[in-house]
Amino acid sequence: MERLVVIGAGMASGRVLEHLFEAGAPFEVTLFNAEPRGNYNRIMLSPVLSGEKAFEEIVTHDDGWYAEHGVTCRFGEKVVAIDRSRKVVVGEKGELPYDKLIIATGSAPFIIPLPGHDLPGVVAYRDLEDTNAMIAASSRPGAKAVVIGGGLLGLEAAAGLRLRGMDVTVLHLMGHLMERQLDEAAGYLLKKDLEKRGIEVLLKASTQRIEGDGKVERVVLEDGTVLDADIVCMAVGIRPAGQIGADAGLTCGKAITVDAQMRTSDPDIFAVGECVEFDGNLFGLVAPLYDQARVLAKTLLGEDDAFAMRELSTKLKVTGCDLFSAGDFADGEGREDIVFRDPARGIYKRLVIENDRLVGAVMYGDTADGNWFFGLIKDQTDIEEMRDTLIYGPAFQGGGGASADPLAAVAALPLEAEICGCNGVCKGQIVEAIGAGADTLDALRAQTKASASCGTCTGLVEQLLAVTLGDSFDAGGAKPVCGCTDLTHEDVRRLIKARELRSQPAVWQELGWKTVNGCPTCRPAINFYLLAEWPLDYQDDAQSRFVNERNHANIQKDGTYSVMPRMWGGMTTPDELLAIAAAAKKYDAAVKVTGGQRIDLLGVKKEDLPAIWADLNAAGMVSGHAYSKGLRTVKTCVGTDWCRFGTQDSTGLGIKLEKKLWGSWTPHKVKLGVSGCPRNCAEATCKDVGVVCVDSGYQIGVAGAAGMDVRETQRLVDVASEEEAIEWTAAFVQLYREHAKYLDRPYKWVDKVGLDWVKEVLSDPAERAALNERFEISQSVYRKDPWAEHASEPEAEKFQPLADLTMEPAE
Amino acid sequence: MTWTDIGAVADIPLRGARRVKTAKGCIAVFRTGEEEVFATSNTCAHKQGPLAEGIVHGRKVTCPLHSWTYSLETGEAQGADEGTIATYPVKIEDGRVLLDVSALAEKAAA
């Protein structure tokens with residue numbers, strides 16, 4: 001009998017042995033395994049961790065099986081070397097000759113070499129020892145677990161630990177979970193489901209170190225966050241464990257290289273499973289491993305067979321998270337998407353099509369058609385005929401059809417969701433009033449006051465009428481944000497608040513966006529609405545901003561930029577002017593005096609922006625935000641400091657206003673003016689907010705304009721003190737930030753809601769105080785100099801080209 | 001094909017782009033998904049706007065100067081605008097972005 005030696009008793013080699021014994025192959029088998037046990041179903045460790053299964057239930061081959069087939073088991077013994085010249089395997093307890101050898105050493109978990117990674121209590125999620133360590137840690141009431149890695153394995157570990165009663169936090173480096181298998185929308189839904197079952201998920205979370213005295217006690221993130229932990233599970237990936245093959249001189253790439261017959265570069269040595277590399281591919285899922293096992297068994301039996309790559313699909317083994325991903329939905333050219341979202345039921349489906357063939361599918365919430373789509377992918381079926389209804393699955397083929405319901409977002413709102421913020425009217429009251437006979441907008445306004453004040457929720461109220469009354473109500477033609485949605489700006493703003501949507505993927509999914517990730521029209525708008533509503537939670541997205549706001553400078557027609565430092569209230573100093581002059585010379589900039597009382601440096605190259613900002617910062621100057629939908633300038637006259645007619649310190653008030661408001665993002669740009677007397681040298685009466693000083697105090701006007709439209713300000717209020725002038729101004733700006741449509745200047749917004757409504761809101765001292773408080777919360781994040789941030793690393797590097805190939809030899 | 005490593009995928013912001021300087025002008029490398037990149041000429045066919053500064057949406061980019069929108073897959077202007085920009089083979093391997101520089105020489109010479 002030929003002597004067959006197998007190194008590694010895992011799922012792949014186990015399957016090879018099964019095939020061999022079934023065929024009655026004449027081998028005398030010796031099986032080495034570093035783990036002190038035989039073959040078990042490793043992918044079922046999750047139910048063992050969660051307590052749904054016992055380890056005994058997932059054992060594939062027990063002692064009886066090995067005895068029955070005459071397998072000599074050397075479990076708990078590592079193989080230290082292969083001596084190919086003598087054809088012997090060197091185990092820890094002695095040598096063993098072989099005629100044929102199979103290497104099935106699998107993979108090893110990847111451990112990030114963070115400080116503290118070797119503390120007791122830091123485990124991977126790979127074998128029974130890891131699983132038992134996690135189960136032991138969960139036995140203490142109130143124990144906390146941190147899982148590093150939000151991929152398939154990490155999430156299964158997190159779910160299992162949660163079922164064991166632990167407090168679980170998942171740290172994931174990327175912007176959404178399972179980014180290899182899912183796109184953002186599906187990743188968002190998965191996060192939401194995990195959070196529902198009590199698992200905390202931190203995205204873009206970079207672990208800095210693990211700390212503890214003799215054992216793990218806490219995890220510290222790069223941003224300073226500290227998480228207590230009784231156990232840390234690192235599930236960030238695996239790498240092939242083929243070192244023994246490399247040491248023996250077998251041809252290796254990232255793993256042991258095999259041909260389609262699973263043969264290594266030595267004709268008597270074979271390899272199978274996660275330790276092999278075939279045609280440049282590595283393996284981690286079980287389906288191709290079983291294919292390899294079948295091929296290897298055939299090869300050993302002297303029969304013809306060849307291993308070939310095939311499409312794979314993924315399902316998450318977490319009860320209640322219904323998720324499916326198959327094929328290639330992320331890479332490649334010439335592809336189109338079909339997207340379906342049903343916000344009310346938390347469903348997302350995306351199909352990727354190339355040349356009339358389905359090449360990828362991602363589904364969340366309803367995966368019933370997953371295998372049908374997977375079949376279309378594998379068979380490369382021509383789907384041209386059924387393209388229009390493809391996303392609805394096999395049930396719709398051959399007739400029928402459906403479309404996403406534009407009213408789904410409103411229908412999904414809970415009854416207690418507030419629709420009208422001005423009058424505190426929730427959905428339940430409106431639905432009740434409709435039921436009681438209020439079947440028109442006017443009737444509803446009269447009975448509930450919903451949409452009767454500023455009117456920005458009119459669209460939602462109309463949609464509620466439509467949902468409740470069905471076809472008998474005609475909502476009229478409100479203009480949607482863009483082609484990605486049927487909702488208006490006002491609807492989106494209200495729904496972001498009412499449904500507590502705190503990210504762009506959340507908005508896209510819950511409000512049924514028709515595109516994968518928006519368009520240049522909606523992206524900047526949604527980004528603003530989110531940061532205005534959730535200043536502390538939402539992370540401003542630079543990629544959803546127009547170039548000027550992303551680069552903190554104004555792009556010019558030739559691709560260069562203009563740079564404009566802030567001059568508080570239009571005041572400057574000789575030192576500042578010298579620094580500006582030096583910078584203009586150094587970076588070869590044109591110099592222009594602006595209408596907003598500052599100095600513009602034009603023609604600066606993008607690569608030079610961080611350097612010129614650093615120079616201006618060094619002279620004490622900050623960004624003038626001349627590029628932003630935010631506070632631009634506060635233009636002033638010299639007031640009582642110098643002017644013989646001045647009635648108040650207009651320059652001082654202008655500087656105070658600018659220091660309070662600078663850095664804030666607004667629906668459109670905001671310009672202020674403060675004049676020291678009614679002669680109005682600062683032209684305050686055509687600004688978004690204009691203050692005119694008089695003997696008795698300050699006249700505050702709003703909603704002026706001097707652009708495409710020219711408007712004189714309308715008087716908001718007269719106040720006696722500077723403090724009141726600042727309080728009213730900030731309250732007005734915050735009200736504008738909270739209510740206006742993106743890209744409406746204040747005068748357009750005031751036209752829509754009416755100055756009377758604005759006055760009514762702001763005349764309530766409690767309301768003014770609340771608006772000021774919310775403004776200050778937002779400013780705690782945004783009142784900072786973006787130049788300082790971008791003039792230093794790592795941000796400054798992003799202004800340079802990614803690579804410079806100008807020195808590469810031309811072909 | 002001559003694949004040249006031009007940097008890490010992580011150095012390109014998601015739904016953003018970075019420039020690559022070449023002897024024949026700038027190329028824009030766009031990242032449309034966690035693991036998806038495209039490369040085109042950085043220069044808009046309309047008034048030479050820098051496309052790497054545009055808003056990236058789906059597999060399209062919109063020029064920052066006058067909002068011409070291009071398919072990153074074909075390089076063709078979308079909608080009513082007519083024009084085409086060069087596209088270049090680019091791929092991701094082990095987290096690195098590889099650009100085919102031979103295509104660059106051919107297209108520039110053509």
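Helices (H or I, at least four residues) and strands (E, at least two) are DSSP runs, numbered from the N terminus. Read along the sequence, chain B then gives β-β-β-β-β-β-β-β-β-β-α.

This is a predicted model, in which local features need pLDDT of at least 70, side-chain atom pairs count only at pLDDT 80 or more, and totals for chains, interfaces and linings use all residues. Residues are numbered from 1 along each chain as its sequence is written, chains are lettered from A and ligands numbered from 1 in the order in which they are written, and side-chain values use heavy atoms, with hydrogens and water left out.

**View 1. Chain B: one helix and 10 strands.** Of the 110 residues in chain B, 58% are buried (under 20% relative accessible area; exposed is over 50%, partly exposed in between; 1.4 Å probe, protein chains only). Contact means heavy atoms within 4.5 Å. Among the chain B contacts with a separation of 6 or more, 38% link residues 24 or more positions apart.

**View 2. The interface of chain B and chain A.** Here 40 residues of chain B are in contact with 50 residues of chain A. Together the two chains bury about 3600 Å², 51% of it on carbon and sulfur atoms. Buried area is the accessible area (1.4 Å probe) that two parts lose on being put together, summed over both. There are six salt bridges between the chains. A salt bridge puts a side-chain nitrogen of Lys or Arg within 4 Å of a carboxyl oxygen of Asp or Glu. Arg19(B) makes one with Glu607(A), with the closest N and O atoms 3.5 Å apart. On the chain B side, the elements giving two or more residues are β1 (3-8), β2 (16-22), β3 (25-33), β4 (36-41), β5 (55-57) and α1 (101-109). β2(B) gives the most, with six residues.

**View 3. β2(B) beside strand β39 (residues 803-804) of chain A.** The two strands run parallel and are joined by two bridges. Strands pair if DSSP finds at least two bridges between them. Opposite Lys21(B) in β2(B) stands Asp804(A).

**View 4. Ser13(A) in helix α1 (residues 11-22) of chain A.** Ser13(A) is buried, with a relative accessible area of 3%. Leaving aside residues up to four places away in sequence, Ser13(A) touches Val6(A), Gly8(A), Ala104(A) and Val272(A).

**View 5. Strand β11 (residues 167-171) of chain A.** Four of the five residues of β11(A) are buried, so the strand is largely enclosed by the rest of the structure. Strand β10 (residues 144-148) of chain A pairs with β11(A) in the parallel sense, over five bridges. Val147(A) has Val170(A) as its bridge partner in β11(A).

**View 6. Helix α4 (residues 128-137) of chain A.** Leu128(A), Asp130(A), Thr131(A), Met134(A), Ile135(A) and Ala137(A) are buried in this helix. Their cover includes α2 (45-50), β9 (122-123), α5 (152-163) and β16 (231-234) of chain A. At the start of α4(A), a side-chain oxygen of Asp127(A) comes within 3.2 Å of the backbone nitrogen of Glu129(A).

**View 7. Strand β34 (residues 689-694) of chain A, mostly covered.** Six of its six residues are buried. Val689(A), Val691(A) and Cys693(A) lie on one side, and Gly690(A), Val692(A) and Val694(A) on the other. Strand β33 (residues 670-675) of chain A runs parallel to β34(A), joined by four bridges. Ser675(A) has Val692(A) as its bridge partner. With strand β35 (residues 697-702) of chain A, β34(A) pairs in the antiparallel sense over six bridges. Gly690(A) stands opposite Gly701(A) in β35(A). A hairpin of two residues joins β34(A) to β35(A).

Technical notes:
Polar contact = N/O pair within 3.5 Å; in protein donor to acceptor, adjacent residues only side chain to side chain.
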